[in-house]
Amino acid sequence: MRYKNWKQLIGGRLGLIVIGALIIFIIISVLHEILDLPHLLLGAPRTPINLAEFIIDLIAAFFIGLIAISLIRRAESKQKKVEMALRESEKKYRQLIENAQEGIWAIDKDTYTTFVNPRMAEILRYTVDEMQGKHLFSFMDEQGIKICKRNLERRKQGIKEQHDFEFVRKDGTRVYTSLETSPITDDDGNYIGALAFVTDITERKKAEEELRESEKKYRTLYETIRDGIAGGPMDGGIFECNQAFAEMLGYSKDELKNLTYQQLTPKRWHQMEAKIVKEQILKRGYSDEYKKEYIRKDGTVFPVSARVWLIRDEDGKPEGMWGVVRDITERKRAEEALRFQSEIAANMSEGVYLIRASDGVIVYTNPKFEEIFGYGPGGMIGKHVSIVNAPTEKSPEETAKEIMEFINKHGFWRGEINNIKKDGTPFWCYASVSMFDHPEHGRVWVVVHTDITERKRAEEELRESEERYRDLFENANDLIQSVDANGKFVYVNRKWKQVMGYSDEEIKKLNLTDILRIDQVPHCMDLFKKVVSSETLDNVDTVFITKEGKEIFVSGSVNPKIKDGKFVATRGIFRNVTERRKLQQQLIQSEKLVAVGTLAYGIAHEFNNILAGILANAELGLFIRDSKQKKKCFESIVECSYRASSITSNLLPFTQQKDVKKELNDITEPLKSVLSLVHRELEKANIKIVEKFKPIPKIFCDQGQFSEVFLNMLTNARDAMRPKGGTLTVKVEPYKDDIRIVFKDTGCGIPENIKGKIFDPFVTTKGPLGGSDIPGTGLGLFLTHGIIDSYKGKIEVESREGVGTKFTILIPVSKNLPRKSLLETEIKSTKEIKRKLNILLVDDERPICITLKKFLESKGHKVTTSLRAKEGLGLFKKNKFDIVLSDITIPDMDGIELIKKMKKEDEKSKIIVLTGHIARELQKKAKEAGANEVLIKPFKNQTLYQTISELVFK
């Protein structure tokens, strides 16, 4: 620094110090010359004053002082410059720290805050003063504290690093930051704190998370979308594709990388696709959607729709293409089906139109719909569906909105609706609405309209007349009832209450199932569901149970009551046919007895022959001594007995005392059996029988039922040829998939006026109904038709008066086979009873007791016999028996009562009933009383032993 004048030179504190020192030096020099200090202090010889030397010393001292002052002043100037520069630098860096966009945070060695800049405080939403002096852990949660402690240990080790960290703001929210941290040390390198530069990366973290989620979402979409996505270079290669594209073509992704889209496309499409690339993709960067075909790995060709986009490099030059491909095989089929359906819709007699579900706009109408509403072709397309609704208490728009909301919720709508024609004429329609995905219009509603104006007018008239006829219903002699969808009674008439015996309060609590006989419930519930589904049922037969438990047979019809397109209740009208049913059963039984009467002569003849054979062999056996001849006599007696048993068994169907029992049978056998029974009667009537029997397959059937059918056929033929006689041809043969049985007579034929009704009940030319002396009830062919129908068969008739009648019966074989194979015939083998049984036999027939006793004892068992029930009961109480054999009819006690008492005495006792009774009810009662098995006499001894064996081993 240069000084302008001496004042500046000597000015300042340092100048004064130098001047003072110079003055002291001059004073010392003056005193040295004047006083001669060496002389004065040390006693040295006195030196004279040298004035020139003195002046020179003064001048030298002056200049030396000036030079010292100058040097000192120069040093002071440099120091001031340094201090000024330092102050400027400090100001600059303080401004930098104060205005920095990063947070700056310093802590001491005890982790307390020594400095934060405003940005740091702002990041954590504190003030600088609030953070100053606070512990570092005050700004983080427990997890953060654990991480921070580990990081502080690394700072103490002198490690600098950058990492992300999560702080807790003053308001409790979290902030994600990036930290650049370094340790602070003293001059000796000892750790005295740490410094961190903090950047708020919350938004960046959110963006990164969103980016990851977005990438994951679009990657998932890319891999799971059912459309194929593929990309490749301009030469047509495939460098990437999704799984759907690979599966669509049947290749793996790696295999597709070695192929081009041209190789996957039939040649006939190459020219078209090259044109699309040239004129669309290269020109504007994308193509319109277009259709083509692809070739799968297995060689099959299938249709697709495609759309392709261009990929450009950084310079904007084309470098590849990517496209979206959809398999439209199903869509093509749907389009074909739609075209077919459209063709049907266009020619339907009902009005059909389509409504776009998104906005309710009509997009299609068939000619009939336009005709119904009075519009020309296409006149309704593009208009809102509310145009078809007539204004009622609701506006057309409100009606349309209500129906549309229902369809959106349930997917359909059905009901009656008041519509309006183009000329303003209101009319009623029944509409049925369902949803459909249309390939062109998207989700649409398909609506079918039927003009029901006339029906509504009729219903209105019906409603008006309903009150008129209510009194008629109340006083009707039929049982009338109405039941809601839950089976609760809505209405019953006076006759219903009278017959069923319930009060009004009791009826309110009743359900439909409460009045049905238990076995009728499943069938009636099925019928009820049909009526709820708007089906009308006629000829409904069932059994009601009155309040007192009495069975009431009823027959009638049930129809649904519909209101506003919804089911409300059933309406049933039933007639009490209990007495008629009883009479019908009596007449049916009478018809069977008439048929049995026809057999009487033949049966008597057969039984006389059988008895003659039995008697002859018995007498011969008594006198003959040859054992072999005796055995033959006994074998003849056994054979005759079984013949007699077969005759009684054949009679059971005609008395309705035998359950239907279907087995694998040749129906030629019951026909031959019946022919043998009536042969003598037919001969007596001068009727010649011609039999033409061919081998036929066996079917699963009840022989007794077919015996009844054949007897009716033969009886009718006999009566038709009285009194002159004639020829009866009976033919049995296989015919296609059926068995054909033909009965052809040369009788009087069937009158034309009843030929079409001969299978109806009580239609006959015999008996009182037909005005003839020949017995008959008119139920024979009715019953025959019912039996044939139960086997899914048919019975046909051809007849000419005065010429004769031909009945043809067809029984389908395939529909009358057992579930198991016909070859699987179950053969039961009798297990040998190794232990000795103690058996009680109670039967009032002495010969039976003796014979069965000897047979069972021959098998090694002990048999105790009793001819009286009371005696047998006493034996039972005193002894332990393994098996009890008992008749039902015993003189001194009812056999059923005997079984009950034995079961009461020992409920585990095993009882086999041996009876000659064919009454089904009696056999049922025996089982209910406790009998384990029932055997009908006569039976084979081996059959008895097998039954005992099965019971022992059960």
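This is a predicted model: local features need pLDDT of at least 70, side-chain atom pairs count only at pLDDT 80 or more; totals for chains, interfaces and linings use all residues.
Me: What share of the contacts with a separation of 6 or more comes from residues 24 or more positions apart?
Reply: Good one to ask of a chain with 954 residues. Contact here means heavy atoms within 4.5 Å. Among contacts in the protein chain with a separation of 6 or more, the share from residues 24 or more positions apart is 52%.

Me: Which element gives the largest share of the largest nonpolar core?
Reply: Let's look at the core itself: it has 39 residues, and Phe-706, Ile-741, Phe-743 and Ile-809 have the most contacts inside it. Elements giving two or more residues to this core include helix 21 (668-684), strand 25 (738-745) and strand 27 (804-812). The largest share, seven residues, comes from helix 22.

Me: Which residues is Phe-743 in contact with, leaving aside its neighbours within four places in sequence?
Reply: Phe-743 is one of the residues with the most contacts inside the largest core. With those sequence neighbours left aside, its partners are Leu-671, Phe-710, Met-713, Leu-714, Thr-729, Val-730, Thr-805, Lys-806, Phe-807 and Ile-809.

Me: Why is strand 12 largely enclosed by the rest of the structure?
Reply: Strand 12 covers residues 361-365. Buried means under 20% relative accessible area. Strand 12 is largely enclosed because the number of its five residues that are buried is four.

Me: Which residue in the turn between strand 11 and strand 12 has a positive phi?
Reply: Strand 11 (residues 351-356) pairs with strand 12 in the antiparallel sense over four bridges, and Ile-355 stands opposite Ile-362 in strand 12. The two strands form a hairpin with four residues between them. The turn residue with a positive phi, about 75 degrees, is Gly-360.

Me: Thr-111 and Lys-792 both draw the eye; is each buried or exposed?
Reply: Most residues other than glycine have a negative phi. Thr-111, in the loop between strand 1 (103-108) and strand 2 (113-116), has phi near 75 degrees, while Lys-792, in the loop between helix 25 (780-790) and strand 26 (794-800), has phi of about 60 degrees. At 11% relative accessibility Thr-111 is buried. With a relative accessible area of 57%, Lys-792 is exposed.

Me: Which peptide bond is cis, with omega near -5 degrees?
Reply: Most peptide bonds are trans. The proline involved here lies in the loop between helix 22 (703-720) and strand 24 (726-735). The cis bond runs from Arg-722 to Pro-723.

Me: How many disulfides does the count come to?
Reply: A disulfide is a covalent bond between the sulfur atoms of two cysteines. Cysteines of the chain include Cys-148, buried at 7% relative accessibility, and Cys-748, partly exposed at 47%. With a cut-off of 2.5 Å between cysteine sulfur atoms, the count of disulfides is zero.

Conventions: Residues are numbered from 1 along each chain as its sequence is written. Side-chain values use heavy atoms; hydrogens and water are left out. Buried means under 20% relative accessible area, exposed over 50%, partly exposed in between (1.4 Å probe, protein chains only). Two strands pair if DSSP finds at least two bridges between them. A nonpolar core is a set of buried Ala, Val, Leu, Ile, Met, Phe, Trp, Tyr and Cys residues joined through side-chain atoms within 4.5 Å.
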